[in-house]
Amino acid sequence: MRALYDFAYCPGYYNKIRYLAGMCPEKWSFGDNNDNRILINYIEHTFRKLEEENKIIQTPSYALLNTGLFTKYYESIYAHFIPNSNQNAQKWRLDGFFTSYQLLSLKISETPERANYFTNPADLVFDTNCEIIPQYDHIFNDEENRLRIPESVRDSALRTALFDGAIKMARNMIDANYKTAVPQYYKGKIQLLIPIFLTTQNSPDLALVVSKNEDGTKYLGHTCLTIDMAYNNARLIARPDSAWLKP
């Protein structure tokens, strides 16, 4: 699957991303940073999904994709590309980000569709009839996963009990507010993210990734993500409307 930089030459990319962040104001950086890392990740993965779905308009004079983002006036925002003058490089050159009104000045009226990440809206909501079965062997023994666990818990003899308690608390939070379980898109599938509080109740340490088993009777807790990783994945679908998953 191609990356955006394979599709188009992107001069002044970070300035263009900064301009896009101004068009669609929300927190696009983690912590106190101002690098728009979340937005950069979002655009890259959105491009790949749109190319996979064949939703990028390409004509002899321009290419156009729907970023899936909106201005504060709920105008759709599009990435506009023009032919690259360097014929030995990428076919397209990123021109900038425009609303449909701005595209009219370029005599462009046909606009492409957004990326589609789900077909069944029910997949986005946690089924409270299902219990969660965590895969502790993978969570505790896979090195990449293990290193995401807080050091004070990672090798503790009580880690299973701590995780069990955290999952029970997460279930109670979901019962109180279904928005606690946040959908994410990963490798062509919709999964749900639930908060895992291990060291403090002020902010979660991890996000547990769960998805239903084949007969739809249980959620399997496959792996844990850092909060930054979880937010990046969730933001592909929509800005998370959750009290715990924030950049």
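The protein chain contains nine helices and ten strands; helices (H or I, at least four residues) and strands (E, at least two) are DSSP runs, numbered from the N terminus. Please note that this is a predicted model, in which local features need pLDDT of at least 70 and side-chain atom pairs count only at pLDDT 80 or more, while totals for chains, interfaces and linings use all residues. Residues are numbered from 1 along each chain as its sequence is written, and side-chain values use heavy atoms, with hydrogens and water left out.

Let me turn to the overall dimensions. The C-alpha trace of the protein chain spans about 65 × 35 × 35 Å along its principal axes. Of its 247 residues, 49% count as buried; buried means under 20% relative accessible area, exposed over 50%, and partly exposed in between, with a 1.4 Å probe and protein chains only.

I now come to the strands. Strand β4 (residues 76-83) is mostly covered, with six of its eight residues buried. Which strands pair with β4? Strand β3 (residues 63-70) and β4 pair in the antiparallel sense over five bridges, where two strands pair if DSSP finds at least two bridges between them. Within this pairing, Leu 65 has Ala 79 of β4 as its bridge partner. The two strands β3 and β4 form a hairpin with five residues between them, and Tyr 74 in the turn has a positive phi of about 60°. Strand β5 (residues 92-99) also pairs with β4 in the antiparallel sense, over seven bridges. Here Ile 77 stands opposite Thr 99 in β5.

Leu 245 touches several residues, including Val 182, Leu 193 and Ile 227, not counting residues up to four places away in sequence; contact means heavy atoms within 4.5 Å.

Finally, I turn to the aromatic rings. A pair of aromatic rings is described by the distance of the centres and the angle of the planes. How many aromatic pairs does a search of the whole structure find? The search finds eleven. Rings of Phe, Tyr and Trp (its six-membered ring) pair if their centres lie within 6.5 Å; planes under 30 degrees apart count as stacked, over 60 as edge-to-face and the rest as tilted. The rings of Tyr 13 and Tyr 14 have centres 5.9 Å apart and planes at 65°, so this pair is edge-to-face. Tyr 13 is buried, with a relative accessible area of 6%. Together, Tyr 5, Tyr 13 and Tyr 14 form one aromatic cluster.

Phe 126 and Tyr 219 form a stacked pair, 4.4 Å centre to centre with 20° between the planes. This pair links distant parts of the chain, 93 residues apart: Phe 126 is in the loop between α4 (100-104) and β6 (131-134), and Tyr 219 is in strand β10 (residues 218-225). Phe 126 counts as buried at 5% relative accessibility, and Tyr 219 counts as buried at 4%.
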